[in-house]
Amino acid sequence: MSQSDKSRTTVDIYGRSYHIKGNEKAEQIRHVANLVDEKMRQIHEFNKSLDTTNLAVLTAVNTMNDYIKLQAEFEALQSLLDEKEE
């Protein structure tokens, strides 16, 4: 994908606008931005004293933790499928 083929999308996350350019379709970028916004707002509900930077870092840590758990579950399921095929 060339530089000119990249999608340019403006999204709002936690009350701020961001201009994002990437290889994904605009709909995908907006979807991801909405999930990040939701997660930040959920975390803020339990940690109202966090400033935006700390809230963003905590959101990133929580998201990566969820990703690692899902990745481990996927690998376990993949192993089960591989065993069944043998």
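I43 is situated in helix α1, where helices (H or I, at least four residues) and strands (E, at least two) are DSSP runs numbered from the N terminus. The model is a predicted one, in which local features need pLDDT of at least 70 and side-chain atom pairs count only at pLDDT 80 or more, while totals for chains, interfaces and linings use all residues. Residues are numbered from 1 along each chain as its sequence is written, and side-chain values use heavy atoms, with hydrogens and water left out.

With a relative accessible area of 9%, I43 is buried; the term buried means under 20% relative accessible area, exposed means over 50%, and partly exposed lies in between (1.4 Å probe, protein chains only). Apart from its neighbours within four places in sequence, I43 is in contact with L50, L55, L58, T59 and N62, contact meaning heavy atoms within 4.5 Å. I43 and L55 are 12 residues apart along the chain, and their C-alpha atoms are separated by 7.3 Å.

One of the partners of I43 is T59, a residue of helix α2. T59 has a relative accessibility of 4% and counts as buried. When neighbours within four places in sequence are set aside, T59 is in contact with V36, K39, M40 and I43.

Helix α1 comprises residues 26-46 and helix α2 residues 52-85; they pack at an angle of about 110°, and their axes are 9 Å apart. Axes here are lines fitted to C-alpha atoms, for helices over the stretch in contact, and angles run from 0 to 180 degrees between N-to-C directions. The helices α1 and α2 are therefore roughly perpendicular to each other. In this classification, angles under 35 degrees count as roughly parallel, over 145 as roughly antiparallel, 65 to 115 as roughly perpendicular and the rest as oblique.

The crossing in which α1 passes α2 is right-handed; a crossing is right-handed if the near helix is turned clockwise from the far one by less than a right angle, and left-handed if anticlockwise. On the α1 side the contact is made by V36, K39, M40, I43 and H44, and on the α2 side by T52, L55, A56, L58, T59, N62, T63 and D66. These residues of the contact of α1 with α2 comprise six nonpolar, five polar and two charged. For this division, Ala, Val, Leu, Ile, Met, Phe, Trp, Tyr, Cys and Pro count as nonpolar, Asp, Glu, Lys and Arg as charged, and the others, Gly among them, as polar.

V57 is in helix α2 and, at 47% relative accessibility, counts as partly exposed. The C-alpha atoms of V57 and M40 are separated by 9.6 Å, the two residues being 17 residues apart along the chain. A60, likewise in helix α2, counts as partly exposed at 42% relative accessibility. A60 and M40 are 20 residues apart in sequence, with 9.1 Å between them in space, C-alpha to C-alpha.

The charged pairs come next. Side chains of opposite charge can pair when their charged atoms come close. The structure holds four salt bridges, a salt bridge being a side-chain nitrogen of Lys or Arg within 4 Å of a carboxyl oxygen of Asp or Glu. Among them is the one between K39 and D66, whose closest N and O atoms are 3.6 Å apart. K39 lies in helix α1 and D66 in helix α2, so this pair ties together parts that are 27 residues apart in sequence. Both residues are partly exposed, K39 with a relative accessible area of 22% and D66 with one of 33%.

R41 counts as partly exposed at 40% relative accessibility, whereas D37 counts as buried at 15%. The side chains of E27 and R30 also meet in a salt bridge, at 3.8 Å, N to O.
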